[in-house]
Amino acid sequence: GTVRIAAEKCTEADIRDLHALVEGQRALLGDEQPFIQADIAFHVGLAKVTGNPLLPAVTQAMLSWLFEYYKPLLHWAGREETTLKEHASIVGFLASHDADGAVRMMEAHLNRSDPLYTVKAGGD
C-alpha cells in the first residue's frame, strides 16, 4: 500500500530524491553492507513520500530487523543489478503517477527477495 500512496502523492522533488537514492546505491555495488543500508534507505525514502510519519519509521525498523536476522534467507548475492533495475522501475512508475504499475513492480520486487515474503494478490 505504501507504494500506491507514494505514486499518488509524489512530487518532482520526491522523484529526484528517489533517483539519487538509486544512484547512491549503484555507487555501492560490491560493498555489501553499505549496499544493503542504501537498499533500506530507498524503501524508507519511498515511505517518506506518503507523508505519513509512521511509515518511514516502521519501514526502517522492519527492514533493519529483516536484514539483521533474516539476511541468509533473502536471495541477494548476484542480484544487486536486478535490485537496482527494480528500484529504478518503481521510481519510473511513481514519476508517471502509475499506482497500479508501481504496485505490480513492488510486488515483483518483494516476491523475488524470498518466497517467504511473497505478496499475495488482493493484499492478503
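1. From the N terminus on, the order of elements in the chain is α-α-α-α-α-α. The count is six helices and zero strands. The model is a predicted one, and the points below should be read as comments on that model.

2. Among contacts with a separation of 6 or more, 70% are between residues 24 or more positions apart.

3. Helix H1 spans residues 2-9, and its buried residues include Val-3, Ala-6 and Ala-7. These three lie on the same side of H1, because the arc they cover around the axis is only 100°.

4. One backbone angle deserves a look. Most residues other than glycine have a negative phi. His-97, which is not a glycine, has a positive phi, near 55°. His-97 sits in the loop that links helix H5 (80-95) to helix H6 (99-113).

5. Is His-97 buried, partly exposed or exposed? Its relative accessibility is 43%. Buried would require under 20% and exposed over 50%, so His-97 counts as partly exposed.

Key. Residues numbered from 1 in each chain as written. Predicted model: local features only at pLDDT ≥ 70, side-chain atom pairs only at ≥ 80, totals over all residues. Heavy atoms only, no water. Helix = DSSP H or I, 4+ residues; strand = E, 2+ residues; numbered from the N terminus. Contact = heavy atoms within 4.5 Å. Buried < 20%, exposed > 50% of the residue type's maximum accessible area, 1.4 Å probe, protein only. Arc of directions from axis to C-beta.
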